[in-house]
Amino acid sequence: MTRHVIGRLAATAFLAVVIGFFTLPMLWLAAAPFDDTPTITVSIPQFTLGNFQAILDNPYAAGSIVNSLLQAGGAAVLVVALAALAAYALSRVHVPGRDLLLYLLLLMSSVVTGTAAMVPIFELATRLGLIDTHLGVILVVSGGLLPAAIFILKDFMDETPTSYEESARVFGASPLQILRHIVIPLVRPGLATIGVWAMASVWGGFLFQFILLRDPEKLPGSVILYTLYTEGGAPKLDLISTFSLLYSLPVVAMYLLVSQRYGFRFHGGIKR
């Protein structure tokens with residue numbers, strides 16, 4: 001009995017430490033923007049809204065969030081569209097070496113990281129005239145996300161019953177009509193997963209945006225956040241915390257919206 005009680009107490013203490021480890025940063029993020037003089041510790045704030053006014057006075061802060069929405073949203077749409085087409089083709093057409101190709105794409109996208117591929121990507125973007133453009137960022141980040149997106153979506157496509165497609169084909173439906181009216185409605189949870197994952201990945205991305213963009217008015221929030229430091233490199237905690245809170249709201253709202261619609265509880269192409 002004593003050993004059981006000690007074990008329960010130890011487990012409870014361990015869970016409390018883990019919960020505190022993840023909760024304290026969130027409490028700091030929620031409190032620091034409203035503190036007149038925030039520090040790195042969590043404390044009762046000296047309430048003020050001046051930090052938000054300071055962010056609004058920044059000439060690039062508000063525009064950077066719009067840039068992030070444009071780049072992350074564009075990449076998410078492109079990744080979902082191309083991954084859906086590729087995953088459907090790979091799921092329905094039995095090509096020799098298909099599975100090996102998928103694993104190689106996934107492996108190469110993991111091994112050849114953005115840092116390792118930055119020089120050839122920058123050279124290619126320069127030759128194509130994509131430097132300092134939103135399109136250049138969208139294309140580059142989408143290319144890095146596509147292999148994993150195709151790999152994930154193919155499982156959803158494989159779980160979709162082909163009998164529906166065969167019935168539509170009997171009535172003369174084209175492959176694109178089958179994909180649009182039958183397959184896509186069945187794999188919408190998978191498309192939502194890929195969309196959220198792609199948008200969140202680009203939303204928090206820094207390297208490609210920092211390298212490919214020159215105009216401060218085109219920089220996303222992840223790069224603008226890097227500029228909220230003093231000339232000596234010290235972080236301006238009031239501005240950083242406030243901008244971080246504002247910058248996280250669109251992603252949280254997107255997650256809650258998709259979670260409410262699909263619940264992130266699905267298996268393959270059809271919910272069970």
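Modeller: Let's settle one term before anything else: a helix here is a DSSP run of H or I that is at least four residues long, and helices are numbered from the N terminus. Keep in mind too that this is a predicted model.

Colleague: Then what makes phenylalanine 22 a helix residue?

Modeller: Phenylalanine 22 is found in helix α1, which covers residues 2-31.

Colleague: Is phenylalanine 22 called buried or exposed, and how do you know?

Modeller: Exposed means over 50% relative accessible area. Phenylalanine 22 has 57%, so it is exposed. It also belongs to a nonpolar patch on the surface, together with Phe14, Leu15, Val18, Ile19 and Phe21. The patch has about 680 Å² of accessible area.

Colleague: Zooming out, what kinds of elements does the protein have?

Modeller: There are 12 helices and 0 strands.

Colleague: How do you know whether it is a compact globule or more spread out?

Modeller: The globule rule gives 19 Å for 272 residues, and the radius of gyration is 23 Å, well over that, so the protein is more spread out than a compact globule. Its C-alpha trace spans about 70 × 70 × 35 Å along the principal axes. Buried residues account for 36% of the 272.

Colleague: Which contacts join residues at least 24 apart, and how big is their share?

Modeller: Take the contacts between residues at least 6 apart in sequence: 72% of them join residues at least 24 apart.

Colleague: Why is glutamate 165 called buried?

Modeller: Buried means under 20% relative accessible area. Glutamate 165 has 2%, so it is buried.

Colleague: What about the pair glutamate 123 and arginine 127?

Modeller: Their closest N and O atoms are 2.9 Å apart, and they form a salt bridge. Because they are 4 residues apart in helix α5, about one helical turn separates them. Glutamate 123, at 38%, counts as partly exposed, while arginine 127, at 67%, counts as exposed.

Colleague: And which pair does aspartate 158 make?

Modeller: Aspartate 158 forms a salt bridge with lysine 154, the closest N and O atoms being 2.8 Å apart. These two are 4 residues apart in helix α6, so they too are separated by about one helical turn. Aspartate 158 is partly exposed at 36%, but lysine 154 is buried at 8%.

Colleague: What makes the phi of aspartate 132 worth a remark?

Modeller: Most residues other than glycine have a negative phi. Aspartate 132 is not a glycine, yet its phi is positive, about 60 degrees. You'll find aspartate 132 in the loop between α5 (118-127) and α6 (134-158). Its relative accessibility is 19%, so it counts as buried.

Colleague: Where is leucine 130, and is it buried or exposed?

Modeller: Leucine 130 lies in the loop between α5 and α6. At 15% relative accessibility, leucine 130 counts as buried.

Colleague: Last topic: what makes a set of residues a nonpolar core?

Modeller: The members are buried nonpolar residues joined through side-chain atoms within 4.5 Å. The largest core has 55 residues, and Val79, Leu153, Met157, Val183, Leu212 and Phe243 touch the most other members. α3 gives the most to this core, with 12 residues. Another core, of 6 residues, lies apart from it, and its members include Trp28, Ala32, Phe52 and Leu245.

Colleague: Which residues does leucine 153 contact?

Modeller: Setting aside neighbours within four places in sequence, leucine 153 is in contact with Ala83, Ala84, Ala87, Gly190, Leu191 and Ile194.

Definitions and conventions:
Residues are numbered from 1 along each chain as its sequence is written. This is a predicted model: local features need pLDDT of at least 70, side-chain atom pairs count only at pLDDT 80 or more; totals for chains, interfaces and linings use all residues. Side-chain values use heavy atoms; hydrogens and water are left out. Patches are made of residues with over 30% relative accessible area and no salt bridge: like charges are joined within 9 Å, nonpolar side chains (Val, Leu, Ile, Met, Phe, Trp, Tyr) within 5 Å. Accessible areas come from the Shrake-Rupley method with a 1.4 Å probe; for residues, only the protein chains shown count as cover. A salt bridge is a side-chain nitrogen of Lys or Arg within 4 Å of a carboxyl oxygen of Asp or Glu. Buried means under 20% relative accessible area, exposed over 50%, partly exposed in between (1.4 Å probe, protein chains only). The radius of gyration is taken over C-alpha atoms; the globule rule is 2.2 Å times the number of residues to the power 0.38. Contact means heavy atoms within 4.5 Å.
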